[in-house]
Amino acid sequence: MHTETQPNRQYSASEQGFQRLLIKEHKDQSQPGDALRRAGLNLSILVGATAADLGESHLVDKFLRKPMEHAAEAAREKAVSFNKETFAQTHTDAATLDAAFDAARKKLADAATTKQGTHLAAEFVEEWASDSIYASTANSWVRLMTGVDDAKYVSETSAFLSEWANKISQVFGNDRLYGRTMKQGDKIVPARWKGIKLAYQSMDLINSVNVEAALRVVEEIPVVGNGVAWAHEKTDKMLHSALARIGNTVAATGILGWHIGKNVKPL
Amino acid sequence: MTKEAPTRIGSDPVAEWKKDFALHDQQHWQTIFQNGDYNLYDRNRKPVQWDAFRDASYEWVTNPAEFIKNFGTHIHNIDTDFRGGKDAGGAKERLERVGAMLGVIAAFTAFDYVTSKPFEGLFPEIKDNGHLTKEEYRANGKNNAITKLIEVLNDKYATALGNMLGERLTGKRGFIHEVADKGADTIQTAYPNKLPHSMNDWVNGATLESYIRIISQVPVAGALFEQGVTRLALWQERTPLHTATGKMIYMALGVFIRENRKAAHMGTDEYAAAVARMM
């Protein structure tokens with residue numbers, strides 16, 4: 001990541017201040033108290049990005065997950081309840097009844113499986129799109145605050161970690177809800193409080209911005225933080241290579257296809 | 001021999017004073033109407049600036065106590081920056097502007113009302129209950145055409161008179177701009193007399209422009225709103241949207257909203273009552 005300040009550009013005092021607080025390469029210019037300021041600033045970003053993600057999940061539930069779930073369920077119900085007796089009432093030609101019925105049933109079954117697959121893919125795509133928006137918003141904000149054109153907030157490591165944490169949770173964790181409580185020995189999803197969900201899927205909690213913010217907060221801890229910062233820098237460099245990028249894209253697409261193939265049950 | 005033009009031997013102090021006074025008065029009204037030298041819709045106006053926001057953010061991070069102490073100054077600076085460096089003044093100036101705009105709204109809402117309501121009685125529509133005679137349909141044709149003409153005319157006059165008032169007070173043209181002028185067409189079409197919540201006599205170019213300028217006085221949020229409206233107005237000015245074609249598009253948008261409002265009201269008591277009134 002190239003974040004050199006431009007030689008001919010006169011930066012204001014606040015731009016230079018934010019460069020010290022937000023651009024890692026400028027950390028060596030730190031002033032007394034900057035470590036605490038960095039920790040506070042990143043903690044605020046962590047809270048803000050998590051709150052935004054949790055809030056977004058309510059909109060996604062309303063406008064994407066629930067409608068698509070209902071559509072897939074309705075299509076499945078329609079295909080399952082389709083029978084020859086009902087079909088024969090409208091298709092009166094006995095000679096072609098069997099062939100026509102099979103064709104009609106196949107059409108309904110295909111429609112149901114397509115809806116299931118679309119639903120699963122849409123969740124992946126929505127998560128990828130919303131996380132990309134968070135990352136680009138954070139990067140734009142850093143550029144605005146520091147005045148450095150190519151400055152970034154989200155590192156390769158955070159993008160990788162958040163992307164795969166969400167994918168693993170979706171694919172292998174069966175979209176488990178975090179925040180469930182025990183009631184009479186059973187784990188239950190708590191009822192909403194004033195319309196606000198009390199249990200969330202991991203993808204509603206984790207995004208590249210809050211992962212980056214969390215890493216940056218940890219990096220401010222003496223000794224331990226230095227180790228984390230070292231590892232962070234190494235993985236950034238590793239993930240920055242073309243091979244890693246292509247491999248990541250192939251793996252992400254592959255796991256999406258595998259997930260859909262495994263979960264869509266042909267009727 | 002050509003007669004020489006008379007030479008000016010001295011100025012009339014009273015006339016000069018009157019001229020100065022008139023100019024001073026116009027300058028004052030220009031700040032209130034944000035016209036002329038203080039034109040809102042200035043082509044060279046800078047977009048949103050972020051320097052004050054950055055400075056305030058940095059102070060918040062580094063010295064919260066100082067930030068709280070300077071809170072008012074920060075808000076004022078951010079507001080000015082968001083307006084592209086155009087200082088909208090302090091609370092007194094903004095309130096004076098709101099007062100003046102409320103005056104314009106009161107005057108032109110009243111104008112709209114008194115120039116349309118009496119004619120509704122003079123040229124009434126015979127409600128269509130499905131059994132109208134040919135003569136009744138023809139009478140409706142005449143009366144509705146006149147009513148429509150009056151509705152359009154009084155709005156155009158309200159916009160023209162609003163502009164004339166602005167020019168009279170400030171000495172400069174350009175008080176009512178594209179967004180208010182065309183936006184009024186959309187709102188009137190979408191909220192006509194025949195549906196509940198009619199906006200017909202409430203909105204015209206002059207009143208809508210005044211409402212826009214009142215909202216713009218709100219610190220920070222109003223600054224962003226003002227920038228948005230200005231950019232939209234200047235963009236409209238450069239596109240065919242400010243022509244008759246644009247007017248059609250705005251009215252078509254109004255028709256789209258109106259028909260969807262009809263659908264939304266269908267089945268509710270309010271709409272049933274409105275339909276009953278029409279029958």
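**Exercise 1. In which helix of chain A is the place of Asp34(A)?**

Solution. The model is predicted: local features need pLDDT of at least 70, side-chain atom pairs count only at pLDDT 80 or more, and totals for chains, interfaces and linings use all residues. Residues are numbered from 1 along each chain as its sequence is written, chains are lettered from A and ligands numbered from 1 in the order in which they are written, and side-chain values use heavy atoms, with hydrogens and water left out.

Step 1. Asp34(A) lies in helix α2 (residues 34-80) of chain A; helices (H or I, at least four residues) and strands (E, at least two) are DSSP runs, numbered from the N terminus.

Step 2. Asp34(A) counts as buried because its relative accessibility is 0%. Buried means under 20% relative accessible area, exposed over 50%, and partly exposed in between (1.4 Å probe, protein chains only).

Step 3. With neighbours within four places in sequence set aside, Asp34(A) is in contact with Arg20(A) and Leu21(A), where contact means heavy atoms within 4.5 Å.

Step 4. The side chains of Asp34(A) and Arg20(A) are joined by a polar contact of 2.7 Å. A polar contact is a pair of N or O atoms within 3.5 Å; within protein, one must be able to donate a hydrogen and the other to accept it, and residues adjacent in sequence count only if both atoms are side-chain atoms.

**Exercise 2. Describe the interface of chain A and chain B.**

Solution.

Step 1. In this interface, 12 residues of chain A are in contact with 8 residues of chain B.

Step 2. The buried area is about 910 Å², and carbon and sulfur atoms give 69% of it. This quantity is the accessible area (1.4 Å probe) that two parts lose on being put together, summed over both. Within chain A, Ser14(A), Arg37(A) and Leu144(A) lose the most area to chain B, together 49% of what that side buries.

Step 3. The rule finds 1 salt bridge across the interface, a salt bridge being a side-chain nitrogen of Lys or Arg within 4 Å of a carboxyl oxygen of Asp or Glu. Glu15(A) and Arg54(B) meet through their side chains in a salt bridge (3.4 Å, N to O).

Step 4. At least two residues each of the side of chain A that touches chain B come from α1 (13-22), α2 and α4 (97-146) of chain A. The most come from α1(A), with 7 residues.

**Exercise 3. How many of the 11 residues of helix α9 (residues 205-215) of chain B are buried?**

Solution.

Step 1. The count is 9 of the 11 residues, so α9(B) is largely enclosed by the rest of the structure. Among the buried residues are Leu208(B), Ile212(B) and Ile214(B).

Step 2. The packing partners of the buried residues of α9(B) are α1 (13-33), α5 (91-114), α7 (134-170), α8 (178-190) and α10 (221-238) of chain B.

Step 3. The N-terminal end of α9(B) is capped by Asn204(B), with a side-chain oxygen 3.1 Å from the backbone nitrogen of Ala206(B).

Step 4. Val220(B), in the loop between α9 and α10 of chain B, has a positive phi of about 65° although it is not a glycine.

**Exercise 4. State the helix and strand content of chain B and its extent.**

Solution.

Step 1. Chain B contains 12 helices and 0 strands.

Step 2. Its C-alpha trace spans about 80 × 75 × 35 Å along the principal axes.
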